[in-house]
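Thanks for coming. Please look at the sequence and the model first.

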Amino acid sequence: MKGYEPRSSSSCAACKLLKRRCIPNCIFAPYFRSDECKKFAKVHKVFGASNVSKILIEVPEEQREDTVNSLAYEAEARLRDPVYGCIGAIALLQRKMVELQHDLAIAKDRLARCHAASASATAATISSSADILHAHVTLPPFPDFSTCSDFNDIFCHNSSSQLLTRHEAVDDFNQIPYNILML
């Protein structure tokens, strides 16, 4: 492990939690320092110390630190959401990506309409370009992500902005949500 220094006589977090004597070649010591008891407790609760030990033994030494970090992340996600775990976080991020791609398509469409309107603009058409800009855009319907609908509460509850439903988007020009017409 990079930056690993030989430890003093104190036990690693795993041995402290398991209430056993920490041996000099303890498999957990390089990855669960004595001050990381909560980290090991979460990993132990989800995977079990015996399974983590077996995983670490099977993994090449240069990959063990990444393995422990991955196990810690997965354990944290599983404790936060016992049903979906880190797959729920991935699904939420994928849903947000689709929503952002959808919003980008709307913005590109508006930009193209605005550019087309300004190319043939006269004094009379400038007033109608505002109507074009605020016209409803029709795009294919949003895919349904019903499996991760409750993740907004888990991951986004600290957000001060109000969450939008899947049929709403933010109007970039005046920050008022508007409904998108579906096909």
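Let me start with one residue. Leaving aside neighbours within four places in sequence, A72 is in contact with K39 and V43, where contact means heavy atoms within 4.5 Å. A72 lies in helix α4. At 17% relative accessibility, A72 counts as buried; buried means under 20% relative accessible area, exposed means over 50%, and partly exposed is in between, with a 1.4 Å probe and protein chains only. A72 is also 31 residues from A41 in sequence, and the two are 9.6 Å apart in space, C-alpha to C-alpha.

Before going on, some housekeeping. This is a predicted model, in which local features need pLDDT of at least 70 and side-chain atom pairs count only at pLDDT 80 or more, while totals for chains, interfaces and linings use all residues. Residues are numbered from 1 along each chain as its sequence is written, and side-chain values use heavy atoms, with hydrogens and water left out.

Now the whole chain. It has seven helices and two strands, and from the N terminus the order is α-α-α-α-α-α-α-β-β. Helices (H or I, at least four residues) and strands (E, at least two) are DSSP runs, numbered from the N terminus. Of the 183 residues in the chain, 28% are buried. Among contacts with a separation of 6 or more, 56% are between residues 24 or more positions apart.

Back to α4. This helix has 17 residues and spans 24 Å from its first C-alpha to its last, close to the 24 Å expected at 1.5 Å a residue; the expected span is 1.5 Å times one less than the number of residues. Which residues of α4 are buried? They are R64, T67, V68, L71, A72, A75 and A77. What covers them includes α2, α3 and α5.

Next, the packing. Two packed helices are described by the angle between their axes and the distance between the axes. Axes here are lines fitted to C-alpha atoms, for helices over the stretch in contact, and angles run from 0 to 180 degrees between N-to-C directions.

Take α2 with α4. They pack at an angle of about 70 degrees, with axes 8 Å apart. That makes α2 roughly perpendicular to α4; the scheme counts angles under 35 degrees as roughly parallel, over 145 as roughly antiparallel, 65 to 115 as roughly perpendicular and the rest as oblique. On the α2 side the contact is made by K39, K42, V43, K45, V46 and F47, and on the α4 side by V68, N69, L71, A72, E74, A75, E76, R78 and L79. By class, this contact of α2 with α4 has eight nonpolar, one polar and six charged residues. Ala, Val, Leu, Ile, Met, Phe, Trp, Tyr, Cys and Pro count as nonpolar, Asp, Glu, Lys and Arg as charged, and the others, Gly among them, as polar.

On to α4 (residues 64–80) and α5 (residues 85–119). Their angle is about 85 degrees and their axes are 6 Å apart. That makes α4 roughly perpendicular to α5. Y73, E74, A77 and R78 in α4 meet G85, C86 and A89 in α5. The contact of α4 with α5 divides into four nonpolar, one polar and two charged residues.

How do α2 and α3 sit, parallel or perpendicular? Their axes come within 7 Å and cross at roughly 100 degrees, and α2 and α3 are therefore roughly perpendicular to each other. F40, V43, H44 and F47 of α2 make the contact with A49, N51 and V52 of α3. This contact of α2 with α3 has five nonpolar, two polar and no charged residues.

In soluble globular proteins, nonpolar side chains tend to be buried together. A nonpolar core here is a set of buried Ala, Val, Leu, Ile, Met, Phe, Trp, Tyr and Cys residues joined through side-chain atoms within 4.5 Å. The largest one has 20 residues, of which C12, C26, F28, F32, F40, V43 and L56 touch the most other members. The elements giving two or more residues to this core are α1 (13–18), α2 (37–47), α3 (49–58) and α4. The largest share, four residues, comes from α4.

Not counting residues up to four places away in sequence, F28 touches C12, A14, R20, F40, A49, V52, S53 and L56.
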